[in-house]
Amino acid sequence: MKKIVKVTGPGMPLLLDDIDTDRIIPARYLRCVTFDGLGDHVFKDDREQHGDHVFDRDHHQEAKVLVAGRNFGCGSSREHAPQALLRWGIEAIIAESFAEIFHGNCTALGIPCVHATPEQLKQINAAVEADPTLHLTVCLETSTVTHGETKHDCHVHEGTRTALVTGQWDYLGELLEGEPQIRDTASQLPYVTNFA
Amino acid sequence: MSDTRNLFNRVWDNHVVRELASGQSQIFIGQHLIHEVTSPQAFQMLRDRGLKVMYPERTLATVDHIIPTEIQSRPFADGLAEEMMTAIEKNCDEFGITLLDLNDDRQGVVHIVGPELGVTQPGMTIACGDSHTSTHGAFGSIAMGIGTSQVAAVLASQTLPMSRPKVRRVEVNGELGPGVYAKDVALYIIRKLGVQGGVGYAYEFAGTVFDTMTMEERMTVCNMSIEGGARCGYINPDQTTVDYIRGRPFAPQGAAFEKAAEYWLSLASGPDAQYDDVVVYDAADIEPTVTWGINPGQSVGVSEEIGSVDSFSEQEQAGIREALTFMELEEHQPIKGLKIDVAFVGSCTNGRISDLREAARVAEGHKVADHVRALIVPGSQQVRKQAEEEGLDKIFEEAGFQWRAAGCSMCLAMNPDKLSGRELCASSSNRNFKGRQGSPTGRTLLMSPAMVAAAAIAGEVVDVREVAAPVGV
């Protein structure tokens with residue numbers, strides 16, 4: 001798999017707390033059997049209800065790094081949410097915290113989730129708002145976010161960081177390599193043998 | 001030395017296959033549940049890689065999210081829904097998985113049918129591509145919602161890569177007052193700990209309130225663990241758990257059941273069990289609770305008024321303002337008296353037979369207010385059948401509620417049951433997110449089924465304790 005060490009690109013300022021996955025991709029777009037085309041519907045209702053949504057602004061169309069607040073991606077487990085962000089063009093997300101299923105879904109898709117403090121997020125968000133062409137660099141080797149001369153020491157969950165930088169984030173192959181141990185573990189679980 | 005592990009850690013340890021290069025553990029998943037929304041892409045991932053399902057007998061499929069609750073003849077009017085139905089039928093057939101299809105009387109919402117059939121058992125790890133998988137923790141299992149890539153992983157390997165969460169004991173002691181239900185306890189805990197308070201944790205719900213709850217009530221509480229940000233929630237298995245499972249079709253039978261029951265009870269956290277955190281609440285502080293905002297943590301007791309923006313921390317204030325604006329509410333407004341347009345009883349949180357009984361008890365002999373559209377949607381075909389045997393359908397219909405077929409319905413509105421425009425809905429479901437009930441501008445108030453029924457009749461939010469004789473006294 002591709003090793004994901006660094007993501008560099010313009011930022012998307014969306015410093016809001018408790019953004020749920022229903023908001024990222026409303027349920028009516030889940031009526032599909034593939035993830036194709038989901039990128040068109042990112043934050044669909046927010047965009048329709050509030051003109052000038054950041055995802056619609058011309059100068060953010062090249063954004064790659066989403067800046068969010070606390071508890072990003074809460075609610076439904078729908079992988080459609082990170083799939084939609086990825087297909088729109090988002091390749092990394094910086095937030096104070098992430099809902100855990102969302103975090104797991106992102107990692108499985110190779111999207112780094114970076115934890116920053118509220119103060120760091122304010123600074124990064126303000127920098128991106130002031131200059132939409134400003135490039136943010138998320139470095140997983142150093143767990144930092146850099147823009148211009150400013151470097152923020154952030155945090156990336158260690159298991160996620162290792163998986164992404166070593167190219168192990170598509171973990172299915174590794175899981176399958178454990179088949180003998182899987183079968184062994186299963187055979188020791190009383191309910192698998194129906195308490196015989 | 002005594003074993004001071006809590007149930008979570010005992011069950012976790014039993015399921016560790018090995019450590020992975022990332023430092024995460026590979027965890028065996030004892031029971032996998034799937035439905036039509038989050039599985040089609042997973043099956044395609046298997047096909048693309050030429051993989052089989054490793055333990056097809058350990059996955060059970062049902063259809064729930066997109067199921068119409070009125071006209072169920074095939075093909076469905078919604079072509080996209082029909083395509084999803086065809087996909088799960090084809091996938092289950094091709095990969096050898098049992099499917100509870102619409103023509104199977106065991107069909108229903110995935111988190112209702114698992115327990116109902118005895119598929120859900122203590123000491124298991126359970127995964128499903130749906131965040132409310134936490135429901136199954138009511139039995140003392142580790143039950144987690146997952147995304148579609150993880151559904152593919154479970155299908156192919158029956159395992160997941162996971163990091164061990166911390167465990168918080170959430171203790172509620174004392175007795176709940178009349179008219180206060182499991183749903184109110186769940187909403188109270190989320191209000192106290194916050195919608196992000198559980199991130200990094202599994203929640204163990206303990207204390208006399210949970211000890212005396214029925215399994216159905218326990219499921220309601222565990223269902224909403226995810227709304228508090230927890231990875232999962234659980235309640236230690238006890239005699240109530242064992243009695244509930246006995247005789248169910250997928251449960252062990254005869255001598256095997258007795259062995260199973262002994263094993264299940266042995267997993268429960270002991271008095272010396274250790275936790276990463278403990279919080280303790282008093283049941284007497286909990287009253288019927290109603291959400292007013294756009295996340296399940298934004299709630300008040302029914303006798304309270306909505307707080308002022310200033311009463312929240314600085315970080316929360318922007319979200320509070322957004323919620324007030326979206327909901328068209330004012331600071332200091334009482335929640336009681338708020339006029340509703342729609343009432344919905346159902347969903348994986350509160351679509352069980354006990355929920356319908358409680359709602360029917362409030363509705364009996366009354367009429368739904370003229371301006372209210374009211375739906376009762378049983379969580380499964382079995383729940384519907386049981387309710388009809390008890391005559392609950394007649395009570396609802398005579399009161400002016402619509403009596404529907406089983407499904408997820410107006411919880412997330414992937415089927416034709418939706419809010420329209422700015423409608424305000426009293427709902428027994430678990431999420432009040434913007435647009436959740438199918439209208440981008442629709443508004444949701446979460447509350448217990450009894451409170452929904454009371455609101456349907458009054459046409460506005462009322463205190464169920466003032467309009468109906470309390471249950472159980």
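Reader: I'd like to start with C408(B). Where in chain B is C408(B) placed?

Author: In this predicted model, C408(B) sits in the loop between β17 (402–403) and β18 (424–427) of chain B.

Reader: What makes you call C408(B) buried or exposed?

Author: A residue counts as buried when its relative accessible area is under 20%. The value for C408(B) is 7%, so C408(B) is buried.

Reader: Which residues does C408(B) touch, not counting those up to four places away in sequence?

Author: Its partners are D64(B), H65(B), V109(B) and F344(B). To count as a contact, heavy atoms must lie within 4.5 Å.

Reader: Which residues does UniProt list for "binding site"?

Author: The unreviewed UniProt entry gives C348(B), C408(B) and C411(B). They are spread over 64 residues of sequence, yet they cluster in space, with a largest C-alpha distance of 8.7 Å. The lining of the largest cavity includes C348(B), C408(B) and C411(B).

Reader: Let's turn to C348(B). How do you know whether C348(B) is buried or exposed?

Author: Its relative accessibility is 8%. The limit for buried is under 20%, and therefore C348(B) counts as buried. C348(B) belongs to helix α12 (residues 347–350) of chain B. Leaving aside neighbours within four places in sequence, C348(B) is in contact with V109(B), H111(B), I112(B), H132(B), N223(B) and N430(B).

Reader: Now the pockets, please. What is the volume of the second largest pocket?

Author: About 650 Å³. Its lining has 28 residues, and E100(A), H103(A), H157(A), Q24(B) and S163(B) lie nearest its centre. Two or more lining residues come from each of α4 (100–109) and α6 (158–165) of chain A and β8 (159–162) of chain B. With four residues, α4(A) gives the most.

Reader: How much space lies in the largest pocket?

Author: About 800 Å³. Among the 36 residues of its lining, D17(A), R70(A), Q315(B), E316(B) and G319(B) are the closest to its centre. The largest share of this lining, seven residues, is from α11(B).

Reader: What classes of residue does the lining of the largest pocket have?

Author: There are 12 nonpolar, 11 polar and 13 charged residues. Asp, Glu, Lys and Arg are the ones that count as charged.

Terms used: Residues are numbered from 1 along each chain as its sequence is written. Chains are lettered from A and ligands numbered from 1 in the order in which they are written. This is a predicted model: local features need pLDDT of at least 70, side-chain atom pairs count only at pLDDT 80 or more; totals for chains, interfaces and linings use all residues. Side-chain values use heavy atoms; hydrogens and water are left out. On a 1 Å grid over the protein atoms alone, a cavity is a set of points where a 1.4 Å probe fits but cannot get out, and a pocket is an open set with protein on both sides within 12 Å along at least five of seven lines; lining residues have an atom within 4 Å of a point. Grid points are joined across faces, edges and corners, and a volume is the space filled by probe spheres set on the points. UniProt positions are given in the numbering used here, feature names are shortened, and annotations may be inferred rather than shown by experiment. Buried means under 20% relative accessible area, exposed over 50%, partly exposed in between (1.4 Å probe, protein chains only).
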